[in-house]
Amino acid sequence: TLEEIARVQRETAWIICPHTAVGTSFARPLPKTDAATIVLATAHAAKFPEIIEQAIGERVDVPRRTGDTVSRDEVFDIVPAEAGPVRAAISAAALAQT
């Protein structure tokens, strides 16, 4: 996971969280096809300061836009592990942000 975080940062300049790194490391060796492979980021890297510092040698600040979110209660939905319900949940969340 540390190496994957560092690799993504080197390749893209993005700093990903450890959970997202698990997804990208799983997706990386998948066969190349015309279909897109999508990995959803699960958290901001600043949520894991010690791990990120180990991986890339620097601390990541919590973005100003997140403000007090780290002190708020976690809110989540349980969605069936099927493409249709996941797609609908993502669409609903995106529409709620607009």
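Which residues of the largest nonpolar core touch the most other members? Of its 13 residues, these are Ile5, Ile16, Ile52, Ile56 and Val60; a nonpolar core here is a set of buried Ala, Val, Leu, Ile, Met, Phe, Trp, Tyr and Cys residues joined through side-chain atoms within 4.5 Å. The elements giving two or more residues to this core are α1 (2–12) and α3 (49–56), with helices taken as DSSP runs (H or I, at least four residues) numbered from the N terminus. The model is predicted, with pLDDT of at least 70 needed for local features and 80 or more for side-chain atom pairs, while totals for chains, interfaces and linings use all residues. Numbering runs from 1 along each chain as its sequence is written, and side-chain values use heavy atoms, leaving out hydrogens and water.

On to the charged side chains. Salt bridges (a side-chain nitrogen of Lys or Arg within 4 Å of a carboxyl oxygen of Asp or Glu) come to five by count. Arginine 28 pairs with glutamate 4 at 2.9 Å, N to O. That pair links distant parts of the chain, with arginine 28 in the loop between α2 (18–27) and α3 and glutamate 4 in helix α1, 24 residues apart. Glutamate 4 is buried at 8% relative accessible area, whereas arginine 28 is partly exposed at 27%; the cut-offs are under 20% for buried, over 50% for exposed and partly exposed in between (1.4 Å probe, protein chains only). Arginine 28 also bridges to glutamate 11 (3.3 Å, N to O). Shared partners join Glu4, Arg7, Glu11 and Arg28 into one network.
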